[in-house]
Amino acid sequence: MDQWKGKIAIVTGASSGIGAAIAQALVHHGMVVVGLARRQENIQQLSKELSKEPGKLYALKADVRKEEDILAAFEWVEKELGGADVLVNNAGLARLNYIKDGKTEDWRNMWEVNVLAVTICTREYLKSMEKRNNQNGHIFIINSVLGHITEFNTANMYIGTKHAVKAISQCLRRELAEKNSTIKVTSISPAMTRTEATAPYMYRLEGSQAILEPTDVAGALIGALSTSPAAQVCEVIITPIPNKTVY
């Protein structure tokens, strides 16, 4: 991780769970991290807890469902810190039910957070990188194992959003390759992970299978980020042991 010391990373959804664990790991390795979330106070508290680590954590209030919030955040990062080198698209939203029971507003919110926000953040990151003539970058998309399977009937629309970002990451990788860009794209797909967001669904799994922790996902991201300039980790699928998931 020495190559990333002092470099700038943006992490969306950094107020808790996987996003907070990723922000903490990056700061531990000496990176300057800008955490975006609606609950800015949570990131500010985490920043205080990380004050003795080699890196630094900034907290920006942003609702990624609002394009103006995203644009303002990227503008701040470029103006105050010179722009981001690493982008972690982590923010996600899950509302699980059958199609016949689904609510349009829930579906709209999932598409806005899980898909549109990812593409808007990625677009702004790439525009900033091009402006600075910087090709030493890395884009992460925190996906889900449900982006690779269709086994859970009550997760129909959520699964749709995760399959969408899987396709987007593959297309983005080809787009960058066609431009001879060395910016890397890594999709990380964890199984059920113990977070605030998944707490309502934990009763379905407790006692039946092991559950991942946010640090497991953060560790996978650090591993992908630590590769040499010649190596690109395209896809990481993380499942617990013992594992009953079928692909």
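**Entry 1. Enclosed space**

I looked up the second largest cavity and found about 30 Å³ of space in it. For a cavity I used a 1 Å grid over the protein atoms alone and took a set of points where a 1.4 Å probe fits but cannot get out; lining residues have an atom within 4 Å of a point. Grid points are joined across faces, edges and corners, and a volume is the space filled by probe spheres set on the points. The model is predicted: local features need pLDDT of at least 70, side-chain atom pairs count only at pLDDT 80 or more, and totals for chains, interfaces and linings use all residues. Residues are numbered from 1 along each chain as its sequence is written, and side-chain values use heavy atoms, with hydrogens and water left out.

I noted Thr-12, Val-64, Asn-89, Asn-90, Ala-91, Val-113, Ala-117, Val-118 and Cys-121 as the lining of the second largest cavity. Helix α4 supplies the largest share of this lining, 4 residues; helices (H or I, at least four residues) and strands (E, at least two) are DSSP runs, numbered from the N terminus. I sorted the lining into 6 nonpolar, 3 polar and no charged residues. Here Ala, Val, Leu, Ile, Met, Phe, Trp, Tyr, Cys and Pro count as nonpolar, Asp, Glu, Lys and Arg as charged, and the others, Gly among them, as polar.

I then searched the whole structure and found 2 cavities of 30 Å³ or more. I recorded α4, β5 (138-142) and α5 as each supplying at least two residues to the lining of the largest cavity. This lining divides into 5 nonpolar, 2 polar and 1 charged.

A salt bridge is a side-chain nitrogen of Lys or Arg within 4 Å of a carboxyl oxygen of Asp or Glu. For charge, Lys and Arg count as positive and Asp and Glu as negative; His and the chain ends are not counted.

Leaving out residues up to four places away in sequence, I listed Asn-114, Ile-142, Asn-143, Ser-144, Leu-146 and Gly-147 as touching Lys-162; contact means heavy atoms within 4.5 Å.

Arg-173 also lies in helix α5. I found Arg-173 buried and without a salt bridge, with Glu-235 again the nearest side chain of opposite charge, at 5.3 Å. Beyond its neighbours within four places in sequence, Arg-173 is in contact with Val-185, Thr-186, Ser-187, Gln-232 and Cys-234.

**Entry 2. Salt bridges**

How many salt bridges does the structure hold? I counted 9. One of them joins Glu-105 and Arg-108, at 3.0 Å from N to O. Both residues lie in helix α4, 3 residues apart, about one turn of the helix. Glu-105 is partly exposed because its relative accessible area is 45%, and Arg-108 is partly exposed at 42%.

I next examined Arg-123, whose closest N and O atoms to Glu-124 are 2.9 Å apart in a salt bridge. Arg-123 is partly exposed at 37% relative accessibility, whereas Glu-124 is buried at 11%. Glu-124 also meets Lys-127 in a salt bridge (3.5 Å, N to O). Glu-124 and Lys-127 are 3 residues apart in helix α4 and so are separated by about one helical turn. I recorded Lys-127 as partly exposed, at 46%. Glu-67, Arg-123, Glu-124 and Lys-127 are linked in a network of salt bridges.

**Entry 3. A loop residue**

I placed Asn-134 in the loop between α4 and β5. Is Asn-134 buried or exposed? Asn-134 is buried because its relative accessible area is 15%. I found Asn-134 touching Asp-85, Met-129 and Ile-183, not counting residues up to four places away in sequence. Asn-134 and Ala-84 are 50 residues apart along the chain, and their C-alpha atoms are separated by 9.8 Å.

Notes
On a 1 Å grid over the protein atoms alone, a cavity is a set of points where a 1.4 Å probe fits but cannot get out, and a pocket is an open set with protein on both sides within 12 Å along at least five of seven lines; lining residues have an atom within 4 Å of a point. Buried means under 20% relative accessible area, exposed over 50%, partly exposed in between (1.4 Å probe, protein chains only).
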